[in-house]
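Here is a protein to look at with its ligand in place, taken up through a few questions and careful answers.

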Amino acid sequence: MTDHTAHPVGFIGLGVMGAPMAANIVRSGRRVLVHDVDAEVTARVAADIGAVPAVELSELTECSVVVLMLPTSAVVRSALLDEGGRPRVAFEGGTVFVDMSSSDPTETVETGGLLREAGLRMVDAPVSGARERAIAGTLSIMLGTDDESAADLAVPVIEAMSSAIFRTGKLGTGHAMKALNNFVAAAAFTAAAEALVAGGRFGLVPAVMVDVLNASTGQSFVTQHVMGPHIVEGAYASGFALPLFTKDVRIAERLQRAMGHTSPVCDAVAATMGDALEALGPVDHTRAHEFWSTR
Ligand code: NAD
């Protein structure tokens, strides 16, 4: 039997999340080849975490598992496939691509099909928990696959990033779950930000509002970890960009439409975040509160 742990692991996309996730794979004892479209980022992260820099994608062809942590489904597809839908480089047959980005489930199924035609395999394993839990190795991970033998190769690599792995079903279900999770989180964020604006105008002290929410039924991840430091105290540095968060809610909206479900709450959250994105551009998502507070 082939010992796949002898093969290096590839990692594409070394941003806010990718860099600490790749670091944890290095810590688990695997040799990791890291690649980012930005060559300076590739060199810096490789040196920081003890990985091997792969300036070109073609340097990853010896890997049996390649993790992707990229902004969108479109970027995942164009990183791996050319415009005709064929692999950009000659990966070994059976290579497993683990898309841990927050991608669109429909596009994941399409890209997975194109990879399968070329003898390659894909599983989806998006994450929740922000940079802090990426560093700690305690992310929530949602694993979707049509191919158990691909999962067998992927899981030991994923386990280096967290032991909290939820098996969600067929290929794309991890990404569907992630988008729906982030819709719920965005609903909590927009609601909390709206309450903070109204409360402040009525004369409530924002810090007291956060304390009350956290001891009451309005409590959520947003009130516990985001509102205090990043909005009330003004750090505006959660590490989760507004375009990425808005993208996730729009994926959830498309999914609900495709399922024939009317989704007034998701539509309102997507429109509210879309307004902020249009006005602010690529800022930390918490800046949206500042924008909404001026309306
Ligand atoms: P980021 O923008 O910090 O990192 C993305 C990295 O991908 C960048 O370094 C960029 O240079 C690189 N990249 C872009 N195109 C590339 C290509 N074609 N080939 C190679 N590298 C390329 O983003 P992030 O915050 O790390 O998010 C990554 C993914 O994880 C997104 O899908 C996001 O929605 C999701 N996510 C983010 C968070 C968070 O808190 N930031 C939490 C959970 C999930």
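Q: Which residues line the largest cavity, and which elements give two or more residues to the lining?
A: In this predicted model, the lining of the largest cavity is made up of Ser73, Val76, Arg77, Asp99, Ser103, Glu107, Thr108 and Thr111. The elements that contribute two or more residues to this lining are α3 (73-80) and α4 (105-117).

Q: How do the residues of that lining divide by class, into nonpolar, polar and charged?
A: Val76 belongs to the lining and counts as nonpolar, while Arg77, Asp99 and Glu107, also in the lining, count as charged. The division for the lining of the largest cavity is therefore one nonpolar, three charged and four polar.

Q: How much space lies in the largest cavity?
A: With a cut-off of 30 Å³ or more, the count comes to one cavity. The space inside the largest cavity is about 30 Å³.

Q: Which residue has a polar backbone atom 2.9 Å from an oxygen atom of the ligand?
A: The ligand has 21 residues around it, and those that come nearest are Val16, Met17, Asp36, Leu70 and Lys247. For Pro71, a polar backbone atom is 3.1 Å from a ligand oxygen atom, whereas a backbone N or O atom of Val37 lies 3.0 Å from a ligand nitrogen atom. The residue at 2.9 Å from a ligand oxygen is Met17.

Q: From which domains does the shell around the ligand draw at least three residues each?
A: By class, this shell holds 13 nonpolar, five polar and three charged residues. The domains that each supply at least three residues to the shell are domain 1 (4-171) and domain 2 (177-293).

Conventions
Residues numbered from 1 in each chain as written. Predicted model: local features only at pLDDT ≥ 70, side-chain atom pairs only at ≥ 80, totals over all residues. Heavy atoms only, no water. Near = heavy atom within 4 Å. Polar contact = N/O pair within 3.5 Å; in protein donor to acceptor, adjacent residues only side chain to side chain. Domains from an automatic or database assignment. 1 Å grid on protein atoms, 1.4 Å probe; cavity = no way out; pocket = protein on both sides within 12 Å on 5 of 7 lines; lining within 4 Å. Points joined across faces, edges and corners; volume = space filled by probe spheres on them. Helix = DSSP H or I, 4+ residues; strand = E, 2+ residues; numbered from the N terminus.
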